[in-house]
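Notebook open, structure up on the screen. I'm jotting down what I look up as I go.

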Amino acid sequence: MEQPTDPPAFGLSRREHILDELRRSGSVRVADLARELGVSELTIRRDIGRLADRGLATRVHGGATLRSRLDTTVPASSGTAIRFRVGMVVPSLSYYWPHIMIGARAAATELGVQLILRGATYSVDDQRRQIASLVESGSLHGLIVAPETLGADGRALLHWLEALPIPVVLAERRVPSALALTRLEWVTTDHVFGGSLAADHLASLGHRRVGILTSAGSPTSWQLRRGWDRAVEGLGLECLVDVDATLDALDGVAREALIADVLERCRETRTTGLLIHNDPQAVLLQQHARDHGWSIPDDLAIVAYDDEVAESAEPAITALRPPKQQVGRLAVETMVARLAEGARRPVQRVYLLPELLPRASTVAAAT
């Protein structure tokens, strides 16, 4: 029979396991955890209660969800003294970035960090304005940012960040190696590897003629293309459709015309598999294809990159999922380590691998 209390280490281990499950799936059920861990449901409810008291989880009927309230100011958990104030500037508060902010918030709560969040846009001027506003407040110990990195304006922004008097950690961004900046740290998904993984998945299903559609101007697309191009060449594939566009920015008529053109090029070249960044572009192309008589995946296999809405498409789209929450979590952990250890700590630059999630939009190519 289970004892009413257990050694502290056991409880900590259980709660860390619960947190891991919350970060992985976003929610947990008391009954499932009790069965998996071999303890009573009461014990699990108490564990969830402690996590909720620390601001790491939200209790719901029969279980818990990951705490996801995106406050402008995120305090440390009750009972944990605030050690550092860290600013965080992201280019969007909707698509993609909420998951990163959830991970950052969880780590901040655990580590005694007050996270000051600002939303910007993908404009370099707006990003610099938001960052400068935080820095000029004089109350921050460090910054976590996701700046533009390409072009002359992006390079200038990175040099400015390098010269700031407080530590800076980039989230889901990295500095082009040609700049040779030595102070900036980062935590990012290895999108180059993601491009290779997509090509390898299509090749493993027998697709030899493939194509790629990326989001014009995206800081992710050029990295995907680098990995994709290398893998296509190494695997002996032919990439016969190559388009860089922003379907969301086009009006309905122009968007339909561009998608029709991409599909016609696939038909003419007998391309049977596409990698599409991002999810909305993949969904739009798949919808148009099905509405015009294409069979997905029999006529065309589709792989999306981001996995924000790919699973909800019909059919569900195979996707590469960056570990977004872990990017946010590790960005905060990297910042805290830098602030705690100072200049003696070596500069840390972390790459995390995306996960391939096969779904109904990809099957073996017809022979």
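This is a predicted model: local features need pLDDT of at least 70, side-chain atom pairs count only at pLDDT 80 or more; totals for chains, interfaces and linings use all residues.

**Salt bridges**

Buried here is under 20% relative accessible area, exposed is over 50%, and partly exposed is in between, with a 1.4 Å probe and protein chains only. Residues are numbered from 1 along each chain as its sequence is written, and side-chain values use heavy atoms, with hydrogens and water left out.

The side chains of Asp47 and Arg14 form a salt bridge, 2.5 Å from N to O. I'm taking a salt bridge as a side-chain nitrogen of Lys or Arg within 4 Å of a carboxyl oxygen of Asp or Glu. This one ties distant parts of the chain together: Asp47 sits in helix α3 (residues 41-53) and Arg14 in helix α1 (residues 8-25), 33 residues apart. Helices (H or I, at least four residues) and strands (E, at least two) are DSSP runs, numbered from the N terminus.

How many salt bridges does the structure hold? I get 18. I looked up a few others:

- Asp53 meets Arg59 at 3.9 Å, N to O. Arg59 counts as exposed, at 52% relative accessibility.
- Glu341 and Arg345 are bridged at 3.3 Å, N to O. Glu341 is partly exposed at 30%, whereas Arg345 is buried at 17%.
- Asp307, Glu311, Arg321 and Arg359 are joined in a network of salt bridges.

**Sheet**

Next I traced the strands. Three of them make an open sheet in the order β1-β3-β2, with antiparallel pairing. The edge strands are β1 (27-29) and β2 (57-60), each pairing on one side only. Neighbouring strands of this sheet are turned by 20 degrees against each other on average, direction ignored. For that angle, axes are lines fitted to C-alpha atoms (for helices over the stretch in contact), and angles run from 0 to 180 degrees between N-to-C directions.

I then checked β2 against β3 (residues 63-66): the two pair in the antiparallel sense over four bridges. Two strands pair if DSSP finds at least two bridges between them. Which residue of β3 stands opposite Thr58? I find Thr65 there.

**Helix α7**

I ran a length check on α7 (residues 191-204). Its 14 residues should span 20 Å at 1.5 Å a residue, and the end C-alpha atoms are 20 Å apart, so the two agree. The expected span is 1.5 Å times one less than the number of residues.

Is α7 enclosed or open to the outside? It is largely enclosed by the rest of the structure, because ten of its 14 residues are buried. Among them are His191, Val192, Leu197, His201 and Leu202, along with Gly194 and Gly195. Just after α7, Gly206 takes a positive phi of about 95 degrees.

**Cysteines**

I count zero in the structure. Cys239 is in none, and the nearest cysteine sulfur, in Cys266, is 9.7 Å away.

Terms used. A disulfide is a pair of cysteine sulfur atoms within 2.5 Å.
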